[in-house]
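Here is a short briefing to read alongside the structure.

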Amino acid sequence: MSRHRESRAESTLDRQLIALNQARELGEGRLDDATLDAVYGVLERASSRRSLSADHTVVGFFGATGSGKSSLFNAVSGADAARVAVRRPTTSEPLAMVWGLDGSAPLLDWLEVTDRREGTPVPDLVDNSGGLVLLDLPDFDSVQLGNRAIVERLAGQVDVLVWVLDPQKYADAAIHNDFIRAFSTHADVTLVVLNQVDKLGSTEVKPVLESLAAILDRDGLPNVKILGVSATTGLGVPQLRGRIASVVKAKAAKSTRLAADVAVAAQHLADAGGVGDAAGVHQQDRKMLAAGLAGAVHVETVVDAVKTSYRLEATKRTGWPVTRWVARFRKDPLRRLSLRREGCSEVNRTSLPPAGAAEQARLDTSVRDFSDAVSAGAPGPWRASIRAAARSNRKQLPDALDQAVAGTDLKANTRAWWWPVFSLIQWLALLVAVGGLGWLGALAVLGYLQLPVPETPQVQGWPLPTLMLLGGAVLGIFLAVSSKFIALAGANARANQARRRLRESVAATGELLVVAPAEAEIALLRQFQEALAEAR
């Protein structure tokens with residue numbers, strides 16, 4: 001691999017690791033801990049491996065009891081390794097054969113391999129292009145649990161996996177189900193070797209290799225080339241060395257292995273997170289939520305109070321002065337609800353009935369219907385988290401809605417332009433009527449006292465004081481009646497305006513406490529899915 005391609009592979013792996021970690025963090029509190037811990041383990045292993053020697057490729061030989069794995073290891077690594085194996089006829093702990101000792105110690109410490117040997121020059125195995133670590137591992141079907149644990153751990157750490165099978169046990173389900181199939185996604189760093197082919201007849205080799213290929217195809221490794229070798233006779237050993245040497249020379253095994261680990265971890269996260277996308281928040285969902293919340297906090301009760309208050313105030317200011325004082329004894333419904341603005345609105349509270357069981361149920365139903373609608377289509381864990389986010393402010397919602405109603409400017413102290421006009425005319429009419437009444441009274445008193453009564457001016461035969469009394473009274477009553485109809489129209493307009501403002505305030509509160517948390521959770525779901533796509 002050229003330096004440019006190697007650098008590009010590392011850069012791609014960087015992005016994959018960052019994306020996987022982002023997806024893991026987004027999954028916290030939403031996905032099961034076991035999956036998240038497994039992903040964290042992958043990230044930790046990747047970080048550790050990348051911090052260690054990039055010049056060494058770690059190749060692990062894995063096999064079952066009797067597969068001749070250690071013999072093949074010796075054949076590949078050379079005669080010196082064979083002499084070591086004489087003292088270790090069965091593998092109970094990993095053995096490392098190292099070419100290029102410089103810089104290998106921290107890597108082997110991380111691998112927890114203490115038995116280390118320096119490899120001697122072997123034709124066609126290593127050159128100056130890079131270091132090599134061959135690992136001879138315990139049998140993965142060992143009855144000793146400690147040996148199996150070592151194999152499972154190192155299977156997750158080595159750069160290249162060499163599965164060593166034999167003609168007798170190559171189809172063993174335990175080998176394929178527990179190990180080979182589990183690493184089927186690592187085909188690019190997998191070598192499959194059928195050892196001991198010398199024990200087969202010349203006509204048996206091809207059918208056995210074809211049978212093994214069919215099994216590997218079912219395992220998810222359809223394109224892996226199988227090498228038939230014999231550690232005893234040396235058949236196929238040079239070809240195996242050549243395959244290992246080409247991997248070492250390419251210097252891509254570490255990045256390829258880690259990329260495969262990341263892809264597997266991302267797939268596990270995807271499986272845990274589920275498939276699908278949330279419907280999201282639409283305008284209709286907002287309207288339905290706002291309508292439900294408005295009903296639960298008695299918006300229409302406030303609207304009726306605004307209408308009644310307007311008509312009452314109009315009567316107080318435009319009614320017939322003789323009778324308007326009676327309206328002052330009627331209680332202003334807005335004042336009764338503590339909704340007349342007096343002072344700082346931020347500290348106001350209404351006197352609306354507190355949210356009882358029915359109101360709380362309606363609030364809960366509105367929020368639940370909203371959360372169900374916006375989370376529809378989302379995968380299970382995320383749908384639950386979206387619903388939970390929408391309901392996260394359930395306890396604060398009733399009080400916040402009450403504050404929203406209290407803080408809404410209902411224009412309760414705003415006077416209509418026609419009120420002072422009608423009031424002025426009413427008082428002038430009353431003054432005229434009182435003047436006429438006083439004039440008539442004075443005339444009556446003079447007549448009663450047998451005093452000279454001055455001649456009364458007349459208008460078309462009607463005495464002027466009589467016209468003043470009747471005209472002022474009729475005009476006052478007419479204006480009072482007219483103002484009732486005008487006030488009714490004004491009250492309806494003021495009520496509609498109040499309804500719109502109240503619904504806007506309630507909707508804003510719902511947006512803050514219900515919609516925004518749900519939208520944030522939906523955004524996290526999409527970030528999670530995008531991060532998984534990048535990681536894979």
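Helices α10 and α18 pack with their axes 9 Å apart at an angle of about 150 degrees. Angles over 145 degrees count as roughly antiparallel, so α10 and α18 are roughly antiparallel to each other. This is a predicted model, and its chain holds 18 helices and nine strands.

**How α10 meets α18**

- The crossing in which α10 passes α18 is left-handed.
- On the α10 side, the residues that meet α18 are V262, A263, A266, L269, A270 and G273.
- Their partners in α18 are F528, L532 and A535.
- Sorted by class, this contact of α10 with α18 has eight nonpolar residues, one polar residue and no charged ones.

**How α11 meets α18**

- Helix α11 covers residues 283–296 and helix α18 covers residues 464–535; their axes come within 9 Å and cross at roughly 130 degrees.
- That angle makes α11 oblique to α18.
- The contact draws on R286, L289, A290, L293 and A294 from α11.
- From α18 come V506, A507, G510, E511, V514, V515 and E519.
- In this contact of α11 with α18, eight residues are nonpolar, one is polar and three are charged.
- As for handedness, α11 passes α18 in a right-handed crossing.

**How α12 meets α18**

- Helix α12, residues 299–318, also pairs with α18: the two axes come within 8 Å and cross at roughly 150 degrees.
- The crossing of α12 and α18 is right-handed.
- By class, the contact of α12 with α18 has 14 nonpolar, five polar and seven charged residues.

**Nonpolar cores and burial**

- Which residues touch the most other members of the largest nonpolar core? They are L20, L269 and F370, in a core of 56 residues.
- Helix α18 gives the most to this core, with 14 residues.
- Apart from this core lies another, of 39 residues, including W110, F140, L161 and L200.
- In soluble globular proteins, nonpolar side chains tend to be buried together.
- L269 is worth a click: leaving aside its neighbours within four places in sequence, L269 is in contact with L20, A23, R24, L31, T35, L36, V39, F528 and L532.
- Two of these partners, F528 and L532, are among the α18 residues that α10 meets.
- Across the chain of 536 residues, 46% are buried.
- Of the contacts between residues at least 6 apart in sequence, 79% join residues at least 24 apart.

- Most residues other than glycine have a negative phi.
- D124 has a phi near 65 degrees, a positive value, and is not a glycine.
- D124 lies in the loop between β3 (115–118) and β4 (131–136).
- Is D124 buried or exposed? At 61% relative accessibility, D124 counts as exposed.
- Q196 is not a glycine either, and its phi is positive at about 65 degrees.
- Q196 sits in the loop between β6 (190–194) and α8.
- Q196 counts as buried, because its relative accessibility is 11% and buried means under 20%.

- H282 is found in the loop between α10 (253–273) and α11.
- H282 counts as partly exposed, with a relative accessibility of 47%.
- How far apart are the C-alpha atoms of H282 and V374? They are separated by 7.8 Å, while the two residues are 92 residues apart along the chain.
- E210 has its place in helix α8, residues 205–219.
- E210 also counts as partly exposed, at 45% relative accessibility.
- From E210 to I226, the C-alpha to C-alpha distance is 9.4 Å, and the pair is 16 residues apart in sequence.

Terms used:
Residues numbered from 1 in each chain as written. Predicted model: local features only at pLDDT ≥ 70, side-chain atom pairs only at ≥ 80, totals over all residues. Heavy atoms only, no water. Axes fitted to C-alpha atoms, helices over the stretch in contact; angles between N-to-C directions. Helix = DSSP H or I, 4+ residues; strand = E, 2+ residues; numbered from the N terminus. Parallel < 35°, antiparallel > 145°, perpendicular 65-115°, else oblique. Left-handed = near helix turned anticlockwise from the far one by under 90°. Contact = heavy atoms within 4.5 Å. Nonpolar A, V, L, I, M, F, W, Y, C, P; charged D, E, K, R; others polar. Core = buried A, V, L, I, M, F, W, Y, C linked by side-chain atoms within 4.5 Å. Buried < 20%, exposed > 50% of the residue type's maximum accessible area, 1.4 Å probe, protein only.
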